[in-house]
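Good morning, and thank you for making time for this item.

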Amino acid sequence: MRDPNPQPVLLKDYAPPPYLIDRVELDVDVREPWATVHARLAVRRNPGSKDTGRTLVLDGEHIELLSVAIDGRALAASEYKVDAQNLRLESVPDAFTLETRVRFDPWKNTRLEGFYATKDGLFTQCEAQGFRCITYFVDRPDVMAKYLVTLHADKERFPRLLANGNLVASGDEEGARHWARWEDPFPKPCYLYAMVAAKLDLLEGSFTTRSGKNALLQVYVEPGKVDQAGFTLHALKKAMQWDESVFGLELDLDRFMIVAVGDFNMGAMENKGLNIFNTKYVLARPDTATDMDYYLIDRVVAHEYFHNWTGNRVTCRDWFQLSLKEGLTVFRDQEYGADEYSRAVARIQDVRKLREVQFAEDAGPMAHPVRPDTYVEINNFYTPTVYDKGAEVVRMIHTIIGKAAFRRGMDLYFERHDGQAVTCDDFVRAMEDAAKVDLTQFRRWYSQSGTPVVACRGEYDATAQKYTLTVKQSCPPTAGQPEKLPFHIPMAVGLVAADGADMALRLEGEPRAQGTNRVLDVREAEQRFVFVDVPSMPVPSLLRGFSAPVVLRSDWSDADLTHLMAYDSDAFNRWEAGDVLATRIILAGVKAIQAGNVPEIPAAYIDAIGRVLVNAARDPAFAAECLALPAESFLAEQMDVADPDAIHVMRKRVIRILATRYRTRFEGAFRHFSVPGAYSPDAGAAGRRALRNAALAYLMELDDSTARALTFLEYRRAENMTDTMAALQCLANSSGAERERALGMFFEKWKDEALVVDKWFRVQATSELAGAIDRVQALLKHPAFTLANPNRARSLLFAFARANPVHFHAADGSGYRFVAEQVVALDALNPQIASGLARSFDRWKKYDAARQGHARAALESIRTRDALSNDVREVVDRALA
Ligand code: PHE
Ligand code: ZN
């Protein structure tokens, strides 16, 4: 039962816990339908707490209390109070052993939080507050304990019994059962607790750390799928190697386990020594997983492994500090991706996602700072802001102080805080002290929400040979924050000459030029930077590498942008120039369409794309990024009143014009960039496939019989999932007969491979063909569909609501009504997933009055339900506020 009237939790109310728990012994007995948990906790007063009361309040939800004892003496029911959230004990001693026994039914746990059953066994998910669904505990990250855990279960049904740390003993017991005892040598917050009782297959490997320790590596997957676990093991070893060489961080355990489970709310979880992963980020075989799947597995495996230091050894004091571990760990997995693949392409993809998703969040009702100061339901704050903007904030520190100082800052951070639960501010202080810089103003990135706007204007004075760059920053008001102070923005810039070369950069007052690429410290609301010795009029290359998470406005002409597309030495900005130009053209076209005129596409842009194709062989992956037009959701954000229909029409028109103009070149690229030999997901091969499939998508936009035949042939001859899906996606948007044939063949072939079936649902849910809602509604009734599995729900419902804007925003409101109904249906099973779907309504105020009316009605229809979860209620209340 949820609290019917939840109070927001405030950062300013933080106080240390009055009691600490140093040691936890758990005995967990699995006997369907019950899991019975006997806990022995070593409790003592916290000398660091000012609270002098003698009341111990423990958290516990969805569990049935069977008994309580203090120092071996059983308490009578009159000696404690228990309700749906807490167990309260009055007048407790200064130090004592608390024993509780509880039970609950993991087979009825559809929330997938705490300890829950799936088809292959039982798994835990404790972050953020799931441990309280397993036993009574002080469920907050600043309470850290050492754990000893004994699991008992039926041997035949649950042959694997796992928990954090090292296996210390195991054996058989009566009734065809067995047991295993695990000890974790490191103190940890309870959100990192994990246990598994399941039937799983195992792939093993080993890794010798640079100090010579040999660690056992294990990847557990559902029976019959070990042939899909190899890449994950490989990725784990690469990540271990990388963290040693880049940050000097070694594995601190004798054994590191990854367990894959098909029913999982998130991507993966960094439980100490026993990571639990969504199968989506573990299982891969060339014929079942795309290049993007492989890439994401690599990044997520690294992310969870990196948490062992950034998150586990040093953890968060409270949940407001979530970005301390998540922002930093995303930054680390981004850098790992950049080193392992193409730095430029990785950056382009990360920035695209940041701008499509996080910028929209920052402009909407759920806007919050990287370090939020209030929440109702913490599960709603695992957001793009905390993760991805948080990573940008860490990246900016890296940019400001430089790589060497950043490394010293990391070393100092571990030296000071190993074994502690700390704050974002502790991290910044370590960086400040190591680099000897003042980051006082920079800290506003943690406390102010909203995306800053940086407007740049350049003026060239030929006589004085000076170039003056005027930079103005502002930040729009956001929920709860009407006014903002200026940010400290590191802005990387260069000046590109008419011949394409970078100019030497010397600021007024400096004795000599300092390179051709430098970082300006923007700190004021308005600031000028005067470059001297500038021999001719340059084109400024601004915010190179996207050096700060801001909206950049500049007065570039179309010709300036095509110049940067051709010559900028910064690869990110070469791509960015094309993206800015494409955005400009599409938005102008949208205006023309709205006014009943025929949109125009400047020849300079068409020529520039032609050059991308001619030069594609230099870097196919980069060329593929340049060919991908800005997403419809991103374009919608650029308008005062978004017009999803006109955006869709105009974006497609640009694609069709390019496809018509360059048909031969696209056909040539499609043939030329084939990848012979055995499949490999490496950056080179994946880049060639990305380009080839981008070419195919352009050709299929013509949707004529030649293109359809080519695509259908490709669909049938494809030997890997990357090419298969690329072709299938084109066909799913096509009106030809090939569509149904390919979709039918695909399902028949893959109906037993859950992750591939997800792809089949997704490709249909995102189809732009008319009648999308009816098809999605029919798919809801498909025997393979279930709301109970988060991946499946995401593949149909989230895909429709987030990645099919033209149909989700249908003018008659049918998309909104449909999604609102599904939010309610999901909420009864799994509030976390339901609230994620409810967030599809975040930007409803961006649309016209008629759509707003439909969206408001849909949101209100959710809100009027009783028994709504806190998760969904918080999202809907904020959307309607
Ligand atoms: N901490 C996990 C990660 O980012 C995400 C997660 C949060 C997983 C909450 C489960 C529950 O690596
Ligand atoms: Zn994480």
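Which residues does Leu-148 touch, not counting residues up to four places away in sequence? They are Glu-25 and Glu-183. Please bear in mind throughout that this is a predicted model. Leu-148 itself sits in strand β12, which runs over residues 144-154. Leu-148 counts as partly exposed because it has 17 C-beta neighbours inside 10 Å.

Let me turn to the overall division of the chain. The assignment gives domain 1 (1-199), domain 2 (315-447), domain 3 (453-548) and domain 4 (754-881). Taken over C-alpha atoms, the centres of domain 3 and domain 4 are separated by 43 Å.

One, "domain: Peptidase M1 membrane alanine aminopeptidase", is placed by UniProt at residues 231-445. In the model, that span is 55% helix and 9% strand, and its end C-alpha atoms lie 37 Å apart. The other, "domain: Peptidase M1 alanyl aminopeptidase C-terminal", covers residues 558-881 according to UniProt. Here the span is 71% helix and 0% strand, with 41 Å between the end C-alpha atoms.

I now come to helix α1, residues 230-247. Its 18 residues reach 26 Å from the first C-alpha to the last, close to the 26 Å expected at 1.5 Å a residue. The buried residues of α1 are Phe-231, Thr-232, Ala-235, Leu-236, Ala-239, Met-240, Trp-242 and Asp-243. Their cover includes the strands β17 (201-208), β18 (214-221) and β19 (255-261), together with the helices α2 (291-306) and α3 (322-340). Lys-237 also belongs to α1, but Lys-237 is partly exposed, since 15 other C-beta atoms lie within 10 Å. Lys-237 touches Gly-205 and Phe-207, leaving aside residues up to four places away in sequence. Ala-302 is 65 residues from Lys-237 along the chain, yet their C-alpha atoms are separated by 9.1 Å. Just after α1, Gly-248 adopts a positive phi of about 65°.

Next, the ligand. Around ligand 1 we find Gln-125, Glu-127, Ala-128, Met-266, Ala-268, Met-269, Glu-270, His-303, Glu-304, His-307, Glu-326 and Tyr-382. Strand β20 (268-269) and helix α2 are the elements that give two or more residues to this shell. By class, the shell divides into 5 nonpolar, 3 polar and 4 charged residues.

Glu-127 and Ala-128 are joined by a cis peptide bond, with omega about -5°; Ala-128 lies in the loop between β11 (121-125) and β12. Another cis peptide bond joins Glu-32 and Pro-33, with omega about 5°. Pro-33 is placed in the loop between β2 (19-31) and β3 (34-45).

Finally, which is buried and which is exposed, Leu-112 or Lys-436? Leu-112 is buried because 23 other C-beta atoms lie within 10 Å, whereas Lys-436, with 9 C-beta neighbours inside 10 Å, counts as exposed. Neither is a glycine, and phi is positive in each: near 60° for Leu-112 and about 55° for Lys-436. Leu-112 is found in the loop between β9 (95-104) and β10 (114-118), and Lys-436 in the loop between α7 (424-435) and α8 (444-447).

Methods
Residues numbered from 1 in each chain as written. Chains lettered and ligands numbered in written order. Predicted model: local features only at pLDDT ≥ 70, side-chain atom pairs only at ≥ 80, totals over all residues. Helix = DSSP H or I, 4+ residues; strand = E, 2+ residues; numbered from the N terminus. Expected span 1.5 Å × (residues − 1). Buried ≥ 20, exposed ≤ 12 C-beta atoms within 10 Å, placed from the backbone. Contact = placed C-beta atoms within 7 Å. Domains from an automatic or database assignment. Near = placed C-beta within 6 Å. Nonpolar A, V, L, I, M, F, W, Y, C, P; charged D, E, K, R; others polar. UniProt positions renumbered as here; feature names shortened; annotations may be inferred.
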